[in-house]
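Biologist: Take me through the sheet in this chain, please. I want one close look, strand by strand where you can, with the residues named.

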Amino acid sequence: TLLSSVPVTFAWAERTFGTRLPLPPRPTNPPLPRPKPALPRPWPAPEVQEIGPGDVVEGDGWRATTCEVPHAQPWLTCMALRIDAGGRSVVYSGDAGPSADLEAMSAGADLLIHWCYRFSDETVSDYIADRSPLPADIAAMAKRAGVRRLALTHLRVHMDTPEKRAQALAEMRGAFEGDAVIAEDLMEFHL
(Lines give C-alpha, C1' and ligand atoms only; values in the text may rest on other atoms or scores of the structure.)
Protein backbone atom coordinates (compact mmCIF):
# COMPACT_ATOMS: atom_id res chain seq x y z
CA THR A 1 0.00 0.00 0.00
CA LEU A 2 0.97 3.62 -0.29
CA LEU A 3 1.37 4.07 3.46
CA SER A 4 3.66 1.07 3.79
CA SER A 5 6.23 2.92 1.67
CA VAL A 6 6.08 6.13 3.74
CA PRO A 7 8.53 5.07 6.50
CA VAL A 8 11.18 4.37 3.86
CA THR A 9 10.66 7.86 2.44
CA PHE A 10 10.84 9.47 5.87
CA ALA A 11 13.92 7.46 6.85
CA TRP A 12 15.61 8.67 3.67
CA ALA A 13 14.65 12.29 4.43
CA GLU A 14 16.00 11.99 7.98
CA ARG A 15 19.34 10.60 6.75
CA THR A 16 19.56 13.10 3.91
CA PHE A 17 18.38 16.28 5.57
CA GLY A 18 18.98 15.50 9.26
CA THR A 19 15.38 16.11 10.18
CA ARG A 20 12.38 13.92 10.81
CA LEU A 21 9.32 14.89 8.84
CA PRO A 22 5.91 14.44 10.48
CA LEU A 23 4.03 11.31 9.51
CA PRO A 24 0.87 11.87 7.51
CA PRO A 25 -2.43 11.29 9.34
CA ARG A 26 -3.81 7.80 9.14
CA PRO A 27 -6.76 7.37 6.80
CA THR A 28 -10.15 7.43 8.49
CA ASN A 29 -11.98 5.42 5.86
CA PRO A 30 -12.07 1.65 6.24
CA PRO A 31 -10.01 -0.22 3.65
CA LEU A 32 -11.77 -1.18 0.45
CA PRO A 33 -12.55 -4.84 -0.02
CA ARG A 34 -9.97 -6.62 -2.11
CA PRO A 35 -11.13 -8.20 -5.34
CA LYS A 36 -10.83 -11.95 -5.53
CA PRO A 37 -7.69 -12.90 -7.41
CA ALA A 38 -8.15 -14.23 -10.90
CA LEU A 39 -5.64 -16.97 -10.25
CA PRO A 40 -4.78 -19.45 -11.32
CA ARG A 41 -4.67 -18.10 -14.79
CA PRO A 42 -2.54 -19.19 -17.71
CA TRP A 43 0.83 -17.52 -18.11
CA PRO A 44 1.07 -15.16 -21.05
CA ALA A 45 2.45 -16.82 -24.15
CA PRO A 46 3.62 -14.02 -26.43
CA GLU A 47 4.84 -14.87 -29.87
CA VAL A 48 8.23 -13.17 -30.04
CA GLN A 49 9.90 -12.40 -33.30
CA GLU A 50 13.27 -10.75 -32.86
CA ILE A 51 14.10 -8.13 -35.43
CA GLY A 52 17.31 -6.50 -36.52
CA PRO A 53 18.43 -3.55 -38.62
CA GLY A 54 16.92 -3.60 -42.11
CA ASP A 55 14.17 -6.05 -41.20
CA VAL A 56 10.66 -5.58 -42.54
CA VAL A 57 7.69 -7.08 -40.73
CA GLU A 58 4.24 -7.02 -42.30
CA GLY A 59 0.79 -7.65 -40.90
CA ASP A 60 -2.78 -7.14 -41.99
CA GLY A 61 -2.61 -3.68 -43.57
CA TRP A 62 0.61 -2.49 -41.90
CA ARG A 63 4.33 -2.69 -42.44
CA ALA A 64 7.18 -2.02 -39.97
CA THR A 65 10.68 -1.24 -41.22
CA THR A 66 13.82 -0.86 -39.12
CA CYS A 67 17.25 0.62 -39.54
CA GLU A 68 20.27 0.84 -37.25
CA VAL A 69 20.97 4.24 -35.71
CA PRO A 70 24.09 5.39 -33.86
CA HIS A 71 23.72 5.55 -30.10
CA ALA A 72 25.26 2.89 -27.85
CA GLN A 73 27.28 0.75 -30.23
CA PRO A 74 29.13 -1.55 -29.80
CA TRP A 75 27.28 -2.44 -26.58
CA LEU A 76 23.80 -2.36 -28.05
CA THR A 77 22.27 -2.46 -31.49
CA CYS A 78 20.00 0.59 -31.59
CA MET A 79 17.22 0.87 -34.13
CA ALA A 80 14.69 3.30 -35.50
CA LEU A 81 11.27 2.11 -36.62
CA ARG A 82 8.94 3.16 -39.40
CA ILE A 83 5.32 2.03 -39.43
CA ASP A 84 3.24 2.39 -42.59
CA ALA A 85 -0.51 1.72 -42.47
CA GLY A 86 -3.55 3.05 -44.27
CA GLY A 87 -1.50 5.29 -46.52
CA ARG A 88 0.12 7.04 -43.52
CA SER A 89 3.54 6.68 -41.92
CA VAL A 90 5.20 7.33 -38.57
CA VAL A 91 8.94 7.12 -37.90
CA TYR A 92 10.31 6.79 -34.37
CA SER A 93 14.03 7.50 -34.13
CA GLY A 94 14.64 5.81 -30.81
CA ASP A 95 17.76 7.25 -29.19
CA ALA A 96 19.52 8.22 -32.39
CA GLY A 97 22.46 10.29 -33.50
CA PRO A 98 22.72 11.69 -37.02
CA SER A 99 22.11 8.89 -39.49
CA ALA A 100 21.82 8.73 -43.28
CA ASP A 101 19.83 5.49 -42.90
CA LEU A 102 17.32 7.17 -40.57
CA GLU A 103 17.00 10.09 -42.98
CA ALA A 104 16.34 7.73 -45.88
CA MET A 105 13.81 5.73 -43.84
CA SER A 106 12.03 9.01 -42.89
CA ALA A 107 11.47 10.00 -46.53
CA GLY A 108 7.92 11.31 -46.97
CA ALA A 109 6.82 10.35 -43.44
CA ASP A 110 3.68 11.97 -42.07
CA LEU A 111 5.26 12.16 -38.61
CA LEU A 112 8.81 11.86 -37.32
CA ILE A 113 9.17 11.45 -33.56
CA HIS A 114 12.81 12.14 -32.78
CA TRP A 115 14.94 11.87 -29.65
CA CYS A 116 16.39 15.17 -28.45
CA TYR A 117 19.03 14.90 -25.74
CA ARG A 118 20.53 18.40 -25.81
CA PHE A 119 19.99 21.98 -26.88
CA SER A 120 22.37 24.35 -28.66
CA ASP A 121 23.41 26.20 -25.49
CA GLU A 122 24.73 23.06 -23.76
CA THR A 123 28.39 22.13 -23.58
CA VAL A 124 28.93 18.40 -24.02
CA SER A 125 31.78 16.08 -24.86
CA ASP A 126 32.58 15.26 -28.49
CA TYR A 127 31.30 11.72 -27.87
CA ILE A 128 27.87 13.03 -26.83
CA ALA A 129 27.84 15.73 -29.53
CA ASP A 130 28.42 13.11 -32.24
CA ARG A 131 25.50 11.01 -31.00
CA SER A 132 22.91 13.65 -30.08
CA PRO A 133 21.77 16.09 -32.76
CA LEU A 134 20.47 19.54 -31.89
CA PRO A 135 16.84 20.54 -32.58
CA ALA A 136 17.97 22.48 -35.67
CA ASP A 137 19.92 19.43 -36.93
CA ILE A 138 16.88 17.20 -36.46
CA ALA A 139 14.65 19.76 -38.21
CA ALA A 140 17.05 20.09 -41.15
CA MET A 141 17.13 16.31 -41.56
CA ALA A 142 13.32 16.20 -41.42
CA LYS A 143 13.12 18.87 -44.11
CA ARG A 144 15.58 17.03 -46.39
CA ALA A 145 13.56 13.84 -45.92
CA GLY A 146 10.26 15.53 -46.76
CA VAL A 147 8.70 14.84 -43.35
CA ARG A 148 5.37 16.59 -42.81
CA ARG A 149 5.29 16.82 -38.98
CA LEU A 150 8.08 16.69 -36.42
CA ALA A 151 7.87 15.98 -32.70
CA LEU A 152 10.85 16.09 -30.35
CA THR A 153 10.81 13.73 -27.41
CA HIS A 154 13.06 12.55 -24.56
CA LEU A 155 13.82 16.01 -23.17
CA ARG A 156 15.77 15.92 -19.93
CA VAL A 157 14.50 17.70 -16.81
CA HIS A 158 16.58 20.85 -17.24
CA MET A 159 15.34 21.15 -20.84
CA ASP A 160 11.67 20.96 -19.91
CA THR A 161 10.93 24.60 -19.07
CA PRO A 162 8.77 27.04 -21.05
CA GLU A 163 11.86 29.06 -22.03
CA LYS A 164 13.85 26.03 -23.20
CA ARG A 165 10.85 24.65 -25.11
CA ALA A 166 10.43 27.99 -26.87
CA GLN A 167 14.15 27.96 -27.71
CA ALA A 168 13.93 24.45 -29.21
CA LEU A 169 10.80 25.31 -31.22
CA ALA A 170 12.45 28.46 -32.59
CA GLU A 171 15.54 26.46 -33.61
CA MET A 172 13.38 23.79 -35.27
CA ARG A 173 11.21 26.30 -37.11
CA GLY A 174 14.31 28.00 -38.47
CA ALA A 175 15.12 24.83 -40.41
CA PHE A 176 11.70 23.15 -40.93
CA GLU A 177 8.54 24.64 -42.44
CA GLY A 178 6.25 21.80 -41.37
CA ASP A 179 4.40 21.44 -38.07
CA ALA A 180 6.98 21.10 -35.26
CA VAL A 181 6.15 20.38 -31.62
CA ILE A 182 7.64 19.16 -28.37
CA ALA A 183 5.93 15.85 -27.56
CA GLU A 184 3.97 15.61 -24.32
CA ASP A 185 2.85 12.59 -22.33
CA LEU A 186 -0.38 11.18 -23.79
CA MET A 187 -0.21 13.49 -26.82
CA GLU A 188 -2.14 12.25 -29.81
CA PHE A 189 -1.32 12.90 -33.44
CA HIS A 190 -4.05 12.58 -36.03
CA LEU A 191 -2.53 11.72 -39.38
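**The sheet, from one edge to the other**

Modeller: Of the contacts in the chain with a separation of 6 or more, 51% are between residues 24 or more positions apart. Keep in mind that this is a predicted model. The chain has 191 residues, and 31% of them count as buried. It holds five helices and seven strands. Along the sequence the pattern reads α-β-β-β-β-α-β-α-α-β-α-β.

Now the sheet. It is open and built from seven strands, in the order S1-S2-S3-S4-S5-S6-S7, with mixed pairing. Its edges are S1 (56–59) and S7 (179–182), each of which pairs on one side only. From one strand to the next, the twist averages 15°. Strands of a sheet pair through backbone hydrogen bonds, either parallel or antiparallel. You will meet each sense below.

S1 and S2 run antiparallel, joined by four bridges. Together they make a hairpin with two residues between the strands. Gly 61 sits in that turn and has a positive phi of about 90°. Glu 58 is opposite Arg 63 in S2. Val 56 is opposite Thr 65 in S2.

Stay with Thr 65. It belongs to strand S2, which covers residues 62–68. Is Thr 65 buried or exposed? It counts as buried, because its relative accessibility is 17% and the cut-off for buried is under 20%. On the S3 side, Thr 65 has Arg 82 as its bridge partner. What else does Thr 65 touch, once neighbours within four places in sequence are set aside? Its contacts are Asp 55, Val 56, Ala 80, Leu 81, Arg 82 and Met 105.

Next comes the pairing of S2 with S3. Strand S3 spans residues 79–85 and is antiparallel to S2, with seven bridges between them. Cys 67 is buried, at 8% relative accessible area. Cys 78 is buried too, at 10%. A disulfide is a covalent bond between the sulfur atoms of two cysteines.

S6 (149–153) pairs with S7 in the parallel sense, over four bridges. Within that pairing, Ala 151 has Val 181 in S7 as its bridge partner. In a regular strand the side chains alternate between the two faces of the sheet. Which residues of S7 lie on its covered face? They are Ala 180 and Ile 182. Asp 179 and Val 181 are on the uncovered face.

H5 (residues 162–173) lies across S6 and S7 and runs at about 155° to S7. H5 also meets another helix. The axes of H4 (residues 135–145) and H5 come within 8 Å and cross at roughly 35°. The crossing is right-handed. From H4, the residues in this contact are Pro 135, Ala 136 and Ala 139. From H5, they are Ala 168, Glu 171 and Met 172. Sorted by class, the contact has five nonpolar residues, one charged and no polar.

Ala 183 is partly exposed, with a relative accessible area of 22%. Residues up to four places away in sequence aside, Ala 183 touches Ala 151, Leu 152, Thr 153 and Arg 165. Ala 151 is also the residue that bridges to Val 181 in S7. One last pair spans a stretch of sequence. Ala 183 and His 114 are 69 residues apart in sequence, yet their C-alpha atoms are 9.4 Å apart in space.

Notes
Residues numbered from 1 in each chain as written. Predicted model: local features only at pLDDT ≥ 70, side-chain atom pairs only at ≥ 80, totals over all residues. Heavy atoms only, no water. Buried < 20%, exposed > 50% of the residue type's maximum accessible area, 1.4 Å probe, protein only. Contact = heavy atoms within 4.5 Å. Pairing = 2+ DSSP bridges. Axes fitted to C-alpha atoms, helices over the stretch in contact; angles between N-to-C directions. Left-handed = near helix turned anticlockwise from the far one by under 90°. Nonpolar A, V, L, I, M, F, W, Y, C, P; charged D, E, K, R; others polar.
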